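Below is a short briefing for a reader new to this structure. Please look over the sequence and the model before going on.

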Amino acid sequence: MTIVSAPAGSGKTSLLRTWADRAGKERPIAFVSVRAGRHDAQLFWLDLVGEIRGALHKAAEPPHATPGFDGSAMVDRVLSELAETDAPITLVIDDLHELDSTEALEQLTSLLTRLPRHAHAVLATRHDLPLRLHRLRLTGDLAEIRGPQLRFAENETRALLAASGLQLPDHLTATLQQRTEGWAAGLRLAALSLAGHPDPERFVAEFSGSDRTVAEYLMAEMLERQPKDVQRLLLRTSVLDRVNGELADLLTGSIGSERILLELEDANAFVVSLDPDRTWFRYHHLFGGLLRLELRRTQPEELPELHRLAAGWLVGRTRIADAIEHLQAAGDWSEAAQLLTDHALSLTLDGQADTVQALLVSFPARTYENELALAQATADLNRLHLDEASAHLEIARTYAGTAPPDRGNRLAMAIASLELLLARLRGHFDGVFELMDSLPSPATGQSSAEIALGSDLRAVALLNLGVTEAWLLRLSDSERHLTEGAALAHAIERPYLETACLAHLGFAATIHSFGLARQRCEEAIAVATRHGWDELPVIVPALATLAGAKIWTGEFDDGARWLERATRAGRSGAEPGTRLLLHLVTGVLHAARGRNDLALEEFDAATRVNALMAGEHALTARVASWTIATQARLGLLEQARTGVAMVTDRQLARGELCNAIATLRLAEHDPVAARRALEPVLEGTAPVNPHLTLIEANLLHALAHHELGEQSAARAAVERALSLAEPDRLVLPFAMTGAWKLLETVLPRGNAHSAQITDILDAVHGSARRVDTGRDRAEPLSPSELRVLRHLPSNLTRQEIANEMTVSLNTVSTHIRNIYAKLGVTDRSAAVQRGRELSLLPGGRA
């Protein structure tokens, strides 16, 4: 690693660009210049990732910003990009002192200390930064170039002048070097001013003193020698961080600015192009500062109008943050406040949350609190300061009531959207639907910019509404709103919002089947992976739901892997509803594996998360019921009884709690009381999830009959449970309740559910189970092969089977080949016949 640390005007950027132009012919170079006042760590990292991909000629989709940001994951992402090549690659980061983010500097330290050996980093900064690179220094992996090494010696000064077409006597060259102390910027300005000067000796003799004095003198000399149109362009565009020909024409009131900028760059006159097409330019930082000083000295009355012109142009190009800064510089605080209020949410979605915060701080203290309340609420919600957000939303509601109708309508839409988000983050679900009903529709006759703002708000509202409905188990409504939100987000090119909607659609799809839920989750994960978001909290709902779906169908090991990914992705912060889901899924996995002690820890953690919510999550009853049931199975009967006493009457009426009480009664060896507790579920008077709670109730009913010695009734209850579980091939209820033990004792051999029983027992025992028919044996089929085998008696084609199983055609074909080989057959009908003989399919011999 190399650090170039020296004051402004030392030639750092010129050095790096010259070196990169030469070295770039031999190795890939990713060159990033940090923009002035870069507040957002995420945008810095996305710039770096984009430059790395460009340097490696990767045809990947450009990275997108997100409202949420995990710096550690981004560092890992950069390291992953670098690991894809063994060739030497160099990362050049210029103007690093402009990175106004302690968070980003800490993440950069992590990256620099973990770079692969084939990667080289070069950092340029005006002053040392807290990067904690002492280990690299001790191991000899850090080179440092500082101010004294960048100062021009006399012979270098002579070479610079000669390259500029100047030949000075040796004593003037020595004087120039001494007066500037070898300062690169001073020498460049001197060379520009000396070109064609009538009295070089007088020129050299007349300046002396500090860097700033020298620079001001030399700049004045250079400006005076420029044509009037060039002087006007330089001064009037100095208010800009970066400039192109069109914007320069606007600020100068003339045409031909791009030609002048190109000529200035070619003349090495402190103008640098920022893109390969040479359409955007910036002035050397020192030169730009001196130009602004001269503009304030000579034309102070022009400054506000120049900033207003720039702001108007930038708004039209959706560079909102830059436009707000120009309005602030012009003193147009009210207009700046309105623009920030309108765009705070969109800026946050664009990954500029820290910029929003910095802009808010830039307003005069306590002067525009009412106008900025909505923007402040957006910033509060992004930082999860929920009480502060609520207070600012209250101020915003009052302010919106005094605004003109058109603006009041827009503010009302924004307030409703943010209130939905606040309700979701608090777990305060009561009244959320009234909020959605009060969400105004965009007014007709709006401009395209206003429509875009309204679309952002509506997409966020649909997401929040759909998530809230999912957590209330209003899954049909959730599915509808999330689908609409994903489509809108896709149309307005908001991939993060689209991914967020898709991530929750998997959970909503459980109303139809676990197969569809898995498909939806896999689609969402694929979208997130394409954008590099597969390790971020936005995709955790899909990862957790996919893990849960696999666990419910007995794929415990695979489910555990997805659950580990979900937990890792949620480490940087997931909302309460998602955290509750994670604990719940983790708990049922432990319970399915017979680790009820670990399951109880997770259910207790879910209970603590639920206690933090302002309202009742729809999974609350399930958490309470599984906590009580797990305590009973562990012999913690008094705790279980206390748990029953603490739930509300409304919860006690739910099927989940009926099942929990039945489990407790079985643990108390009172099967009659257990059957009595189950009656509301089995008779259909208790609210239940028909697939999950009803299966569990039938299994508990079977256990009660078995304990009473009523084997015929036990068999009937198990068969009812198997029939309910068969469409989705559900295994988990049998594992959690322990009712899997009945499958080998109360059911006759060769029954209609033999294949499903095989799945259940294989999952519980953790290995493929050989089927002994008493006459012959076959090599065991894997769970996936058994699923394919069950489709073979149908008229479905291989492609249709693949669609049903949500796998590829190649996967189905591979499974069929394995089935034929293991069963010793050569065609489909023979495989079906052999499967029936081995009781792998219904209709075999007993």
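Leaving aside its neighbours within four places in sequence, which residues is leucine 743 in contact with? They are Val718, Leu722, Phe734, Ile757, Ile760 and Leu761. The model is predicted, and the points below are grouped by topic.

**Nonpolar cores**
- The largest nonpolar core has 129 residues, and Leu743 is one of the three that touch the most other members, together with Ile539 and Phe734.
- In soluble globular proteins, nonpolar side chains tend to be buried together.

**Secondary structure and the sheet**
- The protein has 44 helices and 8 strands.
- An open sheet is formed by 3 strands in the order 6-8-7, with antiparallel pairing.
- Its edge strands, each pairing on one side only, are strand 6 (243–244) and strand 7 (271–273).
- Strand 8 (residues 280–283) runs antiparallel to strand 6 and is joined to strand 6 by 2 bridges.
- Valine 243 has phenylalanine 281 in strand 8 as its bridge partner.

**Overall dimensions and packing**
- Taken along the principal axes, the box filled by the C-alpha atoms is roughly 115 × 65 × 50 Å.
- The protein has 846 residues, and 54% of them count as buried.
- Among contacts between residues at least 6 apart in sequence, 67% join residues at least 24 apart.

**Surface and charge**
- The accessible surface is about 36300 Å², and carbon and sulfur atoms account for 51% of that surface.
- There are 86 positive and 109 negative charges, and their mean positions lie 5 Å apart.

Note on methods. Residues numbered from 1 in each chain as written. Predicted model: local features only at pLDDT ≥ 70, side-chain atom pairs only at ≥ 80, totals over all residues. Heavy atoms only, no water. Core = buried A, V, L, I, M, F, W, Y, C linked by side-chain atoms within 4.5 Å. Buried < 20%, exposed > 50% of the residue type's maximum accessible area, 1.4 Å probe, protein only. Contact = heavy atoms within 4.5 Å. Pairing = 2+ DSSP bridges. Helix = DSSP H or I, 4+ residues; strand = E, 2+ residues; numbered from the N terminus. Areas by Shrake-Rupley, 256 points an atom, 1.4 Å probe, with all protein chains shown as cover. Lys, Arg positive; Asp, Glu negative; His and termini not counted. Charge placed at Lys NZ, Arg CZ, Asp CG, Glu CD.
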